[in-house]
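Thanks for making the time this morning. I would like to walk through one model with you, taking a few local features and then the way its parts meet.

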Amino acid sequence: MQESSVNEVKFLELEKKVKRENWKRMWFRFRRSKLSMVGLSIILILLLMAVFAEYIAPYPSHAGLHIAFKNAYRPPSFEHILGTDMYGRDVFSRIIFGFRYAFMMIGLVLSLVTPTGVILGLIAGYYRGTFIETVIVRLSDIFISLPPLVLALSIASILEPNIFNAMMAVSLMWWPWYVKLTYSMTVSIRNEPFILAAESQGASTLHILFRELLPIQLGTILTKVTLDAGWVILIGAAISFVGLGAQPPTPDLGTMVSEYSKYLPEYWWMSLGPAASIVLIILAFNLLGDGIRDVFAGE
Amino acid sequence: MQDDIILNVSDLKKYFNTAEGVVRAVDGVSFNIRYGETLALVGESGSGKTTTGHVIMGFYSPDDGKIIYKNRYDLSAPMKKRPLELKRDIQIVFQDPGTSLNPKRLVKDIISLPLLIHKTIDKRRIYDKVAELLEYVGLSEEFMFKYPHELGGGEKQLVAVARALAPQPSFIILDESTSALDVSSQAKVLNTLVKIQKELQLTYLLITHDLGVVRNISQRVMIMYLGKIYEEAPTEKFFKSPMHPYTQMLLSSIPTLSEEDEKIKPKGIESIGEIPSAVKPPNGCRFHTRCPFAKPVCSQRDPPDIVLDSNHIVRCWLYE
């Protein structure tokens, strides 16, 4: 075993430097667009609020089952900036805890759906023209052909209605879109000479899939993930709204809109906060997605 | 089989099924390549020369025929079924370096891939080796940490050459390797190819339509037309006394700059028409539809091999 030579160390440092510069370049391209910076800032602030909800919320105990009828139906004021609900709970505090559930939903769904869909899509595209491709593509076609919300609703209604099962249902209808995306991109670059070159030199299938095919698609996949994050919230809210998702007293944004909308229009402040928060999250993720797309499109 | 032959191709056929019918891209091609030589395979677009190279690489399996490499390997097996040592020993340099290098990988990653696969070198020496290879093809080590889009066309192609050299092959297919480059980088790449061939005793199969390149670096030439080889000769004879009317036509269509060039150029045959479709190739000699000397027999039967002398073979009824 020989020690790494002096040159080798020098080159390693050079490589690190080049990679750092590449990150800097990407950050610069992202920063150029004000709107994507706004999106990123909103998401970071909401994320911090979600993580430190106990410390930020003025009335942390109001997140769950808390009843104080003497405080009920208060309009926005200095003590309760978004008013109180029918049990006297502070709406603003509940929204902050609602962000926690929102980010949990995004994390859970996308961490299931993205790897599954991307890996299956890569495999299907790489093994184009074989049995493997047929199975994967047909299977995802079947899931795509079912109306997504109906599928999610029926699954959520068979299982016990709670936030976890709702998310499982959403994941089940979501993965085929990632298969479609990566499959079509893989097919279009599958026979490019650089893939043939790697194959003809004896590169393993794993190398071809994850080191040659995947890096080219990463930008597009990441953009879709960001844009989808907003959709997860929306679908989750829809499922909660019809009562098949999170159950009261969980401070889920969709559940809150569903509960509070019964008190419209007199007690408008109750639903205004949660509804506006849903809009805010979706908007922020869309702005961020545009920024990420620009970063990769510039290459 | 003789010992000095590295690659023996006999009666190679490759057909493709398309919507228009069966394309006979390669239709019965036989030739030998000797150790250390550069054999040029010349033809117009659609002649099947690139397909021939790709079948040898294993990108497609042949429909018929035999390809024997170094007397012991059967190359009619597709790439995936070939032993790893063949994937080390046979390399290819593609036409367009813009598509043959992965845009998302650093030059260092591109060149070190074959080193890592074939364990040519200790892992901790990878950078040194990559720098050495880059220098060997005439690039500085700074190119290591660049992405392909940061390089010029000629530089990219030199990176592709370095990648092909990395696993220490003995046979390289040059698939139109210089035709996508501008003239000055073409010269640089060609000089590098000639230099490394001499120093490493490499064997080249040069696939090209550029007769200037052929004259500069190859020892023997084969001319291909619609999936068949019509003339085979040492380079000097090929340019001095071309026998087949198609060869004469090709050579007389080279544009010349000086009067001296004009004088040595064969005369008399104007290029007429275009290469017919490979779906319905003409009967007999496939060139007869464009040949000014065509006889009745040309459209009926395949021309025989006419051996003019030890190295010069022409397939034409005119010399019967």
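In which loop of chain A does A:Pro265 lie? Before I answer, please keep in mind that this is a predicted model. A:Pro265 sits in the loop between H10 and helix H11, the latter spanning residues 268-297 of chain A, and the peptide bond that joins A:Leu264 to A:Pro265 is cis, with an omega of about -5°. A cis peptide bond also joins A:Pro248 and A:Pro249, with omega at about 5°, and there A:Pro249 belongs to the loop that runs between helix H9 (205-241) and helix H10 (253-260) of chain A.

Staying with the backbone for a moment, A:Tyr73 has a positive phi of about 55° although it is not a glycine, and this residue is placed in the loop between helix H3 (53-56) and helix H4 (91-126) of chain A.

Let me turn to a helical position. A:Leu181 is part of helix H7, residues 163-189 of chain A, and, leaving aside residues up to four places away in sequence, A:Leu181 touches A:Thr220, A:Ile221 and A:Lys224. Its C-alpha atom is separated by 8.0 Å from that of A:Val118, a residue 63 positions away along the chain.

Next, the domains. The assignment for chain A gives domain 1 as 1-31 and domain 2 as 35-297, with five residues from domain 1 and nine residues from domain 2 taking part in the contact. The centres of these two domains, taken over C-alpha atoms, are 35 Å apart. Between them, domain 1 and domain 2 of chain A bury about 580 Å², of which 79% is on carbon and sulfur atoms. On the domain 1 side, A:Met26, A:Arg29 and A:Phe30 lose the most area to domain 2, together accounting for 82% of what that side buries. The domain 1 residues that touch domain 2 divide into three nonpolar, no polar and two charged.

Strand S1 (residues 5-18) and strand S4 (residues 64-69) of chain B pair in the antiparallel sense over five bridges, and B:Leu7 has B:Tyr69 as its bridge partner in S4 of chain B.

Terms used. Residues are numbered from 1 along each chain as its sequence is written. Chains are lettered from A and ligands numbered from 1 in the order in which they are written. This is a predicted model: local features need pLDDT of at least 70, side-chain atom pairs count only at pLDDT 80 or more; totals for chains, interfaces and linings use all residues. Side-chain values use heavy atoms; hydrogens and water are left out. Helices (H or I, at least four residues) and strands (E, at least two) are DSSP runs, numbered from the N terminus. Contact means heavy atoms within 4.5 Å. Domain bounds come from an automatic or database domain assignment. Buried area is the accessible area (1.4 Å probe) that two parts lose on being put together, summed over both. Ala, Val, Leu, Ile, Met, Phe, Trp, Tyr, Cys and Pro count as nonpolar, Asp, Glu, Lys and Arg as charged, and the others, Gly among them, as polar. Two strands pair if DSSP finds at least two bridges between them.
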